[in-house]
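Me: I am new to this structure and would like to learn how to read its features. Could we take them one at a time?

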Amino acid sequence: MLPLLMASLAAASAHAGNAANGDILAAVNWARQRGCNAAATRVPLQNNPKLQIAAGRLAGGSGLHEALAAAGYLASESSALHFSGAVSDAQITRTLTANYCRTLVNPKLQEIGSERRGRDVWMVLAAPVSVPAATDAASVSRQILDRVNAARAAGRRCGAKYLAPVAPLTLSSKLTGAALAHSREMAKFGALDHRGRDGSSPAERVERAGYGAHSIVGENIAAGAMTPAEVTEGWLESPAHCENIMDRRFTQIGIGYAASPGTAAGMYWTQDFAAPR
């Protein structure tokens, strides 16, 4: 996430092509596409209602991260601008072109929201996070399972401990049900915790999901990662989570995830491991 950028404008009149008679969006897009020397065609920014809310929050004194979270917007990248003393959209265009081309031409930034209050204008430019949809669950689970089993097949150093190659895990629908339920609960309450809201342990949730008699149960949880690759790599880089993934006693796995747009984490993930008795 990019830092908050500040700019101050004088009240003198200026001209910037068609932007002078346009709205803020037109002014920004003129600077993005024509005011900054373009080596390639740039896609215009699109208004986003959530970013408009975020811009209003900025105007009220909130920080960028707080404003995006309050608006329920998950950003993979974002930037905020505040213009003081702005009279016309043409002035905004001129100052953007003169000082902020590096931000404007960032191809990752796709959407914008703005708030004008008197002679002040606040803008939020952002790129939305691509959150795995519930309908992608099978694909997401397969991607994570493939990465987990690749690590198990190769052997892995988990912190100071080396764990030799072990047999692959198989996906269990019962464990997946337990993992999904826990991810949804964590997302609902915005809390990363192995203990459920009802005080349940991972083993109790696995039993509740109908897994049956088991010899061992383990669990990995995570928040903030937005892709199967990111969350799996994070687990593998953490010694304790890595040891769960590499534990030869586990034979089956369940994988679940849930989005939480109103929280800073954005996504919650759960891996449940077990071996039937």
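Reply: Setting aside neighbours within four places in sequence, Glu111 is in contact with Leu45, Gln46, Asn48, Leu51, Tyr73, Val124, Leu125, Ala126 and Pro128. Glu111 lies in strand β4, residues 111-117. Keep in mind that this is a predicted model.

Me: Which side chain of opposite charge is nearest to Glu111, and how far away is it?

Reply: That side chain is Lys50, 9.1 Å away. A salt bridge needs a nitrogen to oxygen distance within 4 Å. Glu111 is buried and has no salt bridge.

Me: Which side chains make polar contacts with Glu111?

Reply: One is Asn48, whose side chain is joined to that of Glu111 by a polar contact of 3.2 Å. Another is Tyr73, with a polar contact of 2.6 Å between the side chains.

Me: How do I read a nonpolar core?

Reply: In soluble globular proteins, nonpolar side chains tend to be buried together. Here the largest nonpolar core has 28 residues, and those with the most contacts inside it are Ile144, Leu169, Val231, Ile245, Met246 and Trp269. Two or more residues each come from α6 (137-154), β9 (214-223), α9 (228-237), α10 (239-246), β10 (252-260) and β11 (266-276). The element that gives the most is α6, with five residues. A second, separate core has 16 residues, including Ala31, Phe83, Leu96 and Met123.

Me: What does Met246 touch?

Reply: Not counting residues up to four places away in sequence, Met246 touches Ala151, Arg152, Gly155, Arg156, Cys158, Leu163, Ala164 and Val166.

Me: Which residues of helix α9 are buried?

Reply: They are Pro228, Val231, Thr232, Trp235 and Leu236. These residues cover an arc of only 135° around the axis, so they are on the same side of α9. The general idea is that an α-helix has 3.6 residues a turn, so residues three or four places apart point the same way. The cover over the buried residues of α9 includes α6, β6 (156-158), β9, α10 and β11.

Me: How many salt bridges are there?

Reply: The count comes to seven. One of them joins the side chains of Asp146 and Arg142, at 3.6 Å from N to O. Asp146 and Arg142 are separated by about one helical turn because they are four residues apart in helix α6. Asp146 is partly exposed, at 42% relative accessibility, and Arg142 is partly exposed at 45%.

Me: Where in the chain are Glu233 and Arg156?

Reply: Glu233 is in helix α9 and Arg156 in strand β6, 77 residues apart, so the pair links distant parts of the chain. Their side chains meet in a salt bridge of 3.9 Å, N to O. Glu233 is partly exposed at 36%, and Arg156 is partly exposed at 25%.

Me: In the salt bridge between Arg249 and Asp247, is Asp247 buried or exposed?

Reply: Asp247 has a relative accessible area of 14%, so it is buried. Arg249 is exposed, at 54%. Their side chains meet at 2.7 Å, N to O.

Me: What is Ala209 in contact with, leaving aside its neighbours within four places in sequence?

Reply: Ala209 is in contact with Lys174 and Ala178. Ala209 is found in the loop between α8 (202-208) and β9. The C-alpha atoms of Ala209 and Lys174 are separated by 5.8 Å, although these residues are 35 residues apart along the chain. Ala209 counts as partly exposed, at 27% relative accessibility.

Note on methods. Residues are numbered from 1 along each chain as its sequence is written. This is a predicted model: local features need pLDDT of at least 70, side-chain atom pairs count only at pLDDT 80 or more; totals for chains, interfaces and linings use all residues. Side-chain values use heavy atoms; hydrogens and water are left out. A nonpolar core is a set of buried Ala, Val, Leu, Ile, Met, Phe, Trp, Tyr and Cys residues joined through side-chain atoms within 4.5 Å. Buried means under 20% relative accessible area, exposed over 50%, partly exposed in between (1.4 Å probe, protein chains only). Contact means heavy atoms within 4.5 Å. Lys and Arg count as positive and Asp and Glu as negative; His and the chain ends are not counted. A polar contact is a pair of N or O atoms within 3.5 Å; within protein, one must be able to donate a hydrogen and the other to accept it, and residues adjacent in sequence count only if both atoms are side-chain atoms. The arc is that of the directions from the helix axis to the C-beta atoms.
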